[in-house]
4 protein chains.
Amino acid sequence: MNYKYHFFNDYSEGAHPEVLKILGDTNLEQEIGYGDDTLTTKAKELIKKAIGNSEADVHLVSAGTQANFIVLATILKPYESVIAPSTGHINIHEAGAVEATGHKINSVETTNSKIAPGQIQKVLDSHHDEHLVKPRAVCIAQPTELGTVYSKKELEDISKFCRERSLYLFIDGARLGISLTSSANDLSLKDIASLSDAFYIGGTKNGALLGEAIVLINENFKENFRHMIKQQGALLAKGRVLGAQFVGLFKDDLYFKLATHANEMATKLSSGIKELGFSFLADSPTNQLFPILSNSLIAKLKKMYGFYIWTKVDPEHSAIRLVTSWATTEKAINDFLDDLGQLSKE
Amino acid sequence: MNYKYHFFNDYSEGAHPEVLKILGDTNLEQEIGYGDDTLTTKAKELIKKAIGNSEADVHLVSAGTQANFIVLATILKPYESVIAPSTGHINIHEAGAVEATGHKINSVETTNSKIAPGQIQKVLDSHHDEHLVKPRAVCIAQPTELGTVYSKKELEDISKFCRERSLYLFIDGARLGISLTSSANDLSLKDIASLSDAFYIGGTKNGALLGEAIVLINENFKENFRHMIKQQGALLAKGRVLGAQFVGLFKDDLYFKLATHANEMATKLSSGIKELGFSFLADSPTNQLFPILSNSLIAKLKKMYGFYIWTKVDPEHSAIRLVTSWATTEKAINDFLDDLGQLSKE
Amino acid sequence: MNYKYHFFNDYSEGAHPEVLKILGDTNLEQEIGYGDDTLTTKAKELIKKAIGNSEADVHLVSAGTQANFIVLATILKPYESVIAPSTGHINIHEAGAVEATGHKINSVETTNSKIAPGQIQKVLDSHHDEHLVKPRAVCIAQPTELGTVYSKKELEDISKFCRERSLYLFIDGARLGISLTSSANDLSLKDIASLSDAFYIGGTKNGALLGEAIVLINENFKENFRHMIKQQGALLAKGRVLGAQFVGLFKDDLYFKLATHANEMATKLSSGIKELGFSFLADSPTNQLFPILSNSLIAKLKKMYGFYIWTKVDPEHSAIRLVTSWATTEKAINDFLDDLGQLSKE
Amino acid sequence: MNYKYHFFNDYSEGAHPEVLKILGDTNLEQEIGYGDDTLTTKAKELIKKAIGNSEADVHLVSAGTQANFIVLATILKPYESVIAPSTGHINIHEAGAVEATGHKINSVETTNSKIAPGQIQKVLDSHHDEHLVKPRAVCIAQPTELGTVYSKKELEDISKFCRERSLYLFIDGARLGISLTSSANDLSLKDIASLSDAFYIGGTKNGALLGEAIVLINENFKENFRHMIKQQGALLAKGRVLGAQFVGLFKDDLYFKLATHANEMATKLSSGIKELGFSFLADSPTNQLFPILSNSLIAKLKKMYGFYIWTKVDPEHSAIRLVTSWATTEKAINDFLDDLGQLSKE
């Protein structure tokens with residue numbers, strides 16, 4: 001890759017320097033293994049404070065897929081299933097991880113990757129006896145895999161519906177920070193905690209080297225959860241590594257600052273592109289943008305910048321995907337806009 | 001813990017500074033995700049060179065339990081089982097991870113945690129038809145969970161036996177460096193690679209923050225192994241983190257230097273304890289020592305140093321376990337020996 | 001139930017008397033257990049002859065769901081998936097049995113429960129790397145769950161396509177006899193065997209007390225299949241019970257005679273209903289009919305006959321489902337038509 | 001096999017004629033499928049009456065392995081294990097069925113296939129944290145796989161112990177009738193029900209064509225158990241087949257009469273063999289006998305009778321296994337004793 005810069009995704013760099021610093025500063029201190037270290041303990045306290053729930057259980061694991069299937073394998077009985085949008089990460093991009101733990105995903109077609117109570121009800125309506133699985137959980141992502149966000153009203157509706165129907169609500173928060181600091185957002189981290197049964201706070205895509213913080217709200221999920229983590233290979237001997245990430249991210253609200261930065265860079269990039277006269281596949285309130293460019297322009301741009309071609313729009317135009325992150329520099333945005341302006345005039 | 005020093009285990013500190021340096025030096029370089037980064041690529045090359053097999057496949061994962069069950073779940077058909085010593089990590093200390101992937105472990109009683117062809121043959125003899133599982137793999141640890149090591153002759157015998165009986169041989173190398181640099185060792189890393197079908201090189205317990213390098217020798221195991229890694233939650237978005245560990249460990253033979261240090265510290269500690277007149281539960285050629293002390297002496301020592309009480313020897317004496325590591329200082333050894341000498345005179 | 005007759009399904013009665021007779025005649029003969037008895041041996045020979053493939057492996061199990069998941073769990077690696085129509089029995093009516101063995105079903109929307117190569121190709125196109133499952137098998141039912149049948153040309157196309165793409169083709173033949181003797185059929189049992197990698201011949205819905213005969217054509221599937229059967233609880237101690245069913249069904253072509261009868265009764269019933277002026281939800285060439293009646297007429301009919309209301313057609317009309325079987329009597333058909341005629345005049 | 005008679009096992013014949021008669025008498029009655037038929041309903045009532053517990057849930061399945069793993073998969077969470085004697089059927093002769101549902105079996109070495117609270121306590125003592133599985137159930141067989149039986153006192157002790165330790169007690173009753181009618185027995189079927197959380201009553205080895213009646217006593221196990229049965233392929237479309245077996249067996253205490261007969265034949269056989277001067281490997285109070293004969297005598301006997309050679313006793317003698325059943329005739333016993341007497345004189 002000899003790109004000036006790449007906008008492939010939000011996990012292209014290592015960790016925010018502040019996170020790395022904690023890792024370095026504490027490196028030679030002797031700690032107890034397997035998550036009973038002082039860093040992990042501190043990280044858990046910071047997270048419980050941030051979500052406003054001192055009774056919650058917090059567990060740090062390495063990866064989002066891991067967080068998803070460990071939680072679902074814990075809360076579902078063998079014949080129970082989870083309802084998710086068909087575009088959901090658990091349904092597509094986890095190589096069948098949930099099914100590998102024995103559970104069916106009832107996928108629901110959506111237009112914008114968000115699901116509503118009416119769609120969940122339809123799944124329930126068609127699952128009435130022992131010849132079918134028994135839907136028991138709903139898994140949504142905030143923001144969704146398409147970068148859309150649930151509003152407070154929408155999340156309240158789903159939450160209320162799930163509680164009435166004895167369905168567990170689990171929120172995949174791989175990019176939770178991005179949604180919480182999006183201009184379209186009216187939810188707080190405390191709302192997420194009070195409206196769901198479990199969720200996870202993604203660190204990997206917001207400045208950590210690795211690490212996702214699973215938060216268990218529902219009492220039923222808590223007992224022996226560490227057994228599940230161990231059995232699924234997610235219990236690190238040096239739990240301090242994960243602890244350091246979340247101490248760094250939650251000590252001085254770095255988590256929110258980094259996500260805010262990513263969103264600001266996206267807004268700046270989006271505005272610039274608009275000013276240059278281009279339109280977008282969809283309005284995105286988060287850090288994923290989908291501008292529509294001519295194929296010839298894309299070809300030229302591709303020699304200078306890294307990004308994915310998302311979808312064809314017409315025979316001569318395609319939408320590309322540009323992702324900003326905590327690490328995206330203003331210089332990179334300015335360069336890209338300059339070059340885009342230049343190239344589009346040629 | 002206000003211990004002067006603790007000898008609980010070999011994963012009490014973070015990473016060797018050289019490893020941490022690589023992580024820091026490359027931190028803001030943009031890399032492709034999921035293990036296609038330049039660090040991981042380089043780490044794989046270094047490892048393939050070190051094992052003397054350019055055709056091997058190398059995959060980096062986060063934890064030893066993960067390495068074990070992903071390999072076993074890949075190579076076994078649903079009705080196939082793995083033979084292991086009853087003291088094996090997979091049999092006891094992985095919370096049923098192998099069984100959670102659907103496979104039985106045929107455990108074999110041993111005196112020293114090592115198994116020999118004759119014991120494997122007995123398992124085969126009693127598994128003859130479809131009412132029983134079909135043993136298809138043998139999993140041993142080098143060094144074993146008790147700190148003993150297989151000699152070259154012993155490993156050659158097992159390897160030959162397994163190949164004749166169409167059994168796969170998989171070696172759990174969580175502490176592989178320790179065995180390879182032990183005074184009792186006559187095996188090279190290349191021997192390990194040529195005598196087994198798959199093994200892993202443990203990083204976590206030898207100077208890495210986290211990371212185990214799975215090495216697949218047998219062609220049958222290679223196809224689509226990344227699907228297994230992804231499905232089991234072991235594919236890190238920032239694969240560079242794992243890559244950096246193994247670049248650090250294998251660039252200038254640091255891996256062997258660190259393990260050598262751990263063994264030397266163990267030897268020094270062992271000699272000192274012997275000189276003070278104490279005996280040991282067993283002779284250990286590796287970094288785990290089991291000296292026998294009086295219970296009153298243990299009680300005093302426990303106020304100054306961290307260690308586990310391993311087993312009772314008689315009503316008044318117990319064996320304790322002391323573990324050294326890449327990070328153990330000579331000062332810690334000297335302090336411990338001085339204090340032990342002092343306390344034993346009181 | 002005080003119905004004159006019921007048309008709920010094709011497994012309302014016990015076994016055809018000829019099958020029961022074999023069970024009785026051989027009852028006190030001493031046999032070897034677990035499927036090594038003379039009846040099972042004979043049944044396998046009869047089936048291999050009927051399918052025209054003496055190299056096939058035949059295994060008798062108790063139930064269709066069992067047959068489906070045992071075959072799929074045998075032929076798929078942990079990360080591999082099976083493609084099936086969304087209406088497929090394995091996708092809906094098996095309580096997540098396939099997922100319980102760890103595998104995802106890639107469901108394909110269809111209009112008539114049949115899938116074509118183009119739809120399979122779309123699934124393949126969207127499954128390109130290790131973040132997704134790897135589709136490896138296609139599972140179709142003949143006849144389908146909606147009573148439609150694949151033509152010889154359609155099945156040849158799917159078979160050719162699957163072989164070119166290294167996909168296994170597995171046919172759920174719970175009602176295979178019905179399709180083979182349907183007026184719409186141009187396939188022979190030998191065609192089924194030569195175009196698929198594995199299939200099963202349903203006994204339960206065609207005159208057996210219980211029993212499905214799994215036929216393995218592909219060499220890869222054969223080794224140690226009995227281990228899978230045993231492990232999944234499907235190996236009956238008195239295998240003779242299953243053997244007797246298939247000896248009865250395949251000794252004198254009873255299997256085809258019974259299915260022919262069921263289809264003839266369906267044709268007679270269908271014609272009679274048409275003559276009375278009613279239309280159908282769909283033309284069915286098999287033993288499931290979906291006549292559309294007024295809701296008031298249905299209410300009256302329901303007091304005399306057993307059947308399921310299938311779907312609403314308009315506010316005043318619904319389609320009901322009537323199923324005939326090997327056991328359906330001409331008298332039952334005549335009575336039903338008489339009563340329907342009578343009630344519709346009221 | 002041209003044996004005069006064979007004593008291989010207790011499932012060599014079909015069903016007791018009374019059972020077969022019910023199947024025949026009801027054969028053409030139309031019934032609802034999947035266990036909601038009148039025969040199954042009646043069978044459940046008869047069993048609940050026989051066990052003296054009208055609140056129990058009864059479910060009929062086809063095979064013992066199926067009964068075992070469905071119950072265990074229902075009651076255990078993913079990280080929980082079951083304690084069983086190392087000789088247990090679930091540990092050896094089910095091809096890894098329990099592990100295939102994801103659960104470890106903690107096997108306990110025994111001398112006579114029976115386990116006692118002290119042995120269970122040892123397993124609990126060594127399973128203290130999340131690195132190990134969590135033992136949650138105990139599975140014993142009555143009679144055991146070696147033909148021994150638990151006394152009332154022994155079973156009460158285990159039951160009490162399990163309840164105090166929050167362990168579920170599950171009894172594999174594949175040959176339950178044999179133990180209940182053994183001369184060594186002091187337990188009633190009601191005792192079995194009141195002392196366990198779940199058990200099953202084996203039909204296959206006591207006069208049924210197939211069929212095991214799972215009895216769930218513990219309230220926690222009951223909800224949605226039919227989902228588990230369906231998912232594991234154990235829900236027969238013609239549930240009537242299983243219903244007929246247990247109506248036959250429990251209508252007029254046939255179950256107990258048949259088992260009594262098997263035991264009486266065993267006693268008669270045993271006495272005869274003793275009178276001829278032979279000794280036994282062990283005293284067996286049930287229908288499995290292990291007489292010790294010279295190898296030359298065994299060779300001659302093997303030409304006339306079917307039986308397994310169990311184990312070598314010394315270079316010139318071996319123990320054989322003779323099994324009697326509900327179907328064993330007095331004539332077969334007399335013939336065998338006559339021939340044995342004759343052959344031993346030669």
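## The interface of chains C and D

In this predicted model, 48 residues of chain C are in contact with 48 residues of chain D, where contact means heavy atoms within 4.5 Å. The size of an interface is often given as the accessible area lost when the parts come together. Between chain C and chain D the buried area is about 4100 Å², and carbon and sulfur atoms give 58% of it; buried area is the accessible area (1.4 Å probe) that two parts lose on being put together, summed over both. Gln30(C), Gln231(C) and Lys238(C) supply 18% of the area that chain C buries against chain D, which is more than any other three residues.

On the side of chain C that touches chain D, two or more residues come from each of β1 (5-6), α1 (17-25), α3 (64-75), α5 (97-100), α10 (225-231) and α11 (240-251) of chain C. Helices (H or I, at least four residues) and strands (E, at least two) are DSSP runs, numbered from the N terminus.

## The interface of chains B and A

Chain B has 49 residues in contact with 49 residues of chain A, and the two chains bury about 4000 Å² between them, 58% of it on carbon and sulfur atoms. Of the area that chain B buries against chain A, 18% is supplied by Gln30(B), Gln231(B) and Lys238(B), more than by any other three residues.

Across the interface of chain B and chain A the rule finds zero salt bridges, but 23 residue pairs are in polar contact, with both residues at pLDDT 80 or more. The side of chain B that touches chain A is made up of 23 nonpolar, 19 polar and seven charged residues; Ala, Val, Leu, Ile, Met, Phe, Trp, Tyr, Cys and Pro count as nonpolar, Asp, Glu, Lys and Arg as charged, and the others, Gly among them, as polar.

## Two helices of chain C

Helix α6 (residues 117-125) and helix α7 (residues 152-164) of chain C pack at an angle of about 25°, with their axes 10 Å apart. Axes are lines fitted to C-alpha atoms, for helices over the stretch in contact, and angles run from 0 to 180 degrees between N-to-C directions. α6(C) and α7(C) are therefore roughly parallel to each other, a term for angles under 35 degrees. Pro117(C), Ile120(C), Gln121(C) and Leu124(C) of α6(C) meet Asp157(C), Ile158(C) and Phe161(C) of α7(C) in this contact.

## Backbone features

Most residues other than glycine have a negative phi, and most peptide bonds are trans. A cis peptide bond joins Gln142(B) and Pro143(B), with omega about -5°, and Pro143(B) is placed in the loop between β5 (134-141) and α7 (152-164) of chain B. Ala95(B), although not a glycine, has a positive phi of about 50°.

Residues are numbered from 1 along each chain as its sequence is written, and chains are lettered from A and ligands numbered from 1 in the order in which they are written. In this predicted model, local features need pLDDT of at least 70, side-chain atom pairs count only at pLDDT 80 or more, and totals for chains, interfaces and linings use all residues, while side-chain values use heavy atoms, with hydrogens and water left out.

Terms used: Salt bridge = Lys/Arg side-chain N within 4 Å of Asp/Glu carboxyl O. Polar contact = N/O pair within 3.5 Å; in protein donor to acceptor, adjacent residues only side chain to side chain. Parallel < 35°, antiparallel > 145°, perpendicular 65-115°, else oblique.
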